[in-house]
Amino acid sequence: MKILVVEDEAALCDALTEILKRNQYNVDSVDNGEDGLEYALTGLYDCIILDIMLPIMDGISVLKHLRKAKISTPVMLLTAKSDIDDKITGLDCGADDYLTKPFITGELLARVRALTRRTGEVNVDAFDFHGLTLNKQTYMLSYDSQSVKLSLKEYQIMEILIMNPNQIITKERFIEKIWGFESDVEYNNIEVYISFLRKKIQSINSKASIRTARGVGYYLEEKT
Ligand code: CA
């Protein structure tokens, strides 16, 4: 899961980033609305935590631009107690939730989990694809009674595949989501991780498999 934090108070921004990273989220953070909008427009994030009072461009404007550009990433606004009007405007402009500062860690994480939960996903601790389950806490990939532990990168790749079943994910997208824009990770790194993952999927006799879309990327499919 990849989260964008747009917050100009450095201490709060660092704290948010830390908390989220400790809870296995991938985090990008920026300190002004203009950068926030640019990052958010990539559509790469599973959730955006957006402060309202920001330099260059305020959070409400960022949100308006985003929704106008048909980016539907869940947005949680951060508001000060006094921003009641902003809160209402924000929800009217397409925010999905808001959190009043100061907040406690538990509440923040619960809200983020709620926002990133996909429709139809019942078990919040694990993803499921035709009986193949991926546990978010333990990184265990299981089928029937068999399980295998994934490394962090294998987990991150599998998470993207299982959240977007039957959809081709390009190698470029894996790299952007897992390593970030500025990384010098190459396509063959992805290929190596995919081959590790395939061996692990095979080792638990899963009916699902990672298929190659030649020259494009990969997708998860149930074997028929
Ligand atoms: Ca602020």
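This is a predicted model: local features need pLDDT of at least 70, side-chain atom pairs count only at pLDDT 80 or more; totals for chains, interfaces and linings use all residues.

Biologist: Fine. How is the protein divided?

Modeller: Into domain 1, residues 2-117, and domain 2, residues 126-222.

Biologist: How far apart do the C-alpha centres of domain 1 and domain 2 lie?

Modeller: They are 28 Å apart.

Biologist: And how many residues are in contact?

Modeller: Seven from domain 1 and ten from domain 2.

Biologist: What area do domain 1 and domain 2 bury between them?

Modeller: About 840 Å². Carbon and sulfur atoms account for 44% of that.

Biologist: Which three residues supply more than any others on the domain 1 side?

Modeller: Q24, N26 and L44. Together they supply 56% of the area domain 1 buries against domain 2.

Biologist: Switching to electrostatics. How many salt bridges are there across the interface of domain 1 and domain 2?

Modeller: One. K177 pairs with D46 in a salt bridge, and their closest N and O atoms are 3.4 Å apart.

Biologist: How many residue pairs are in polar contact between the domains?

Modeller: Five, counting pairs with both residues at pLDDT 80 or more. The domain 1 side that touches domain 2 has one nonpolar, four polar and two charged residues.

Biologist: New topic. How many cavities of 30 Å³ or more are there?

Modeller: One. The largest cavity has a volume of about 40 Å³.

Biologist: Which residues line the largest cavity?

Modeller: M1, Q24, Y25, N26, Y139, L152, Y155, Q156 and E159.

Methods:
Residues are numbered from 1 along each chain as its sequence is written. Side-chain values use heavy atoms; hydrogens and water are left out. Domain bounds come from an automatic or database domain assignment. Contact means heavy atoms within 4.5 Å. Buried area is the accessible area (1.4 Å probe) that two parts lose on being put together, summed over both. A salt bridge is a side-chain nitrogen of Lys or Arg within 4 Å of a carboxyl oxygen of Asp or Glu. A polar contact is a pair of N or O atoms within 3.5 Å; within protein, one must be able to donate a hydrogen and the other to accept it, and residues adjacent in sequence count only if both atoms are side-chain atoms. Ala, Val, Leu, Ile, Met, Phe, Trp, Tyr, Cys and Pro count as nonpolar, Asp, Glu, Lys and Arg as charged, and the others, Gly among them, as polar. On a 1 Å grid over the protein atoms alone, a cavity is a set of points where a 1.4 Å probe fits but cannot get out, and a pocket is an open set with protein on both sides within 12 Å along at least five of seven lines; lining residues have an atom within 4 Å of a point. Grid points are joined across faces, edges and corners, and a volume is the space filled by probe spheres set on the points.
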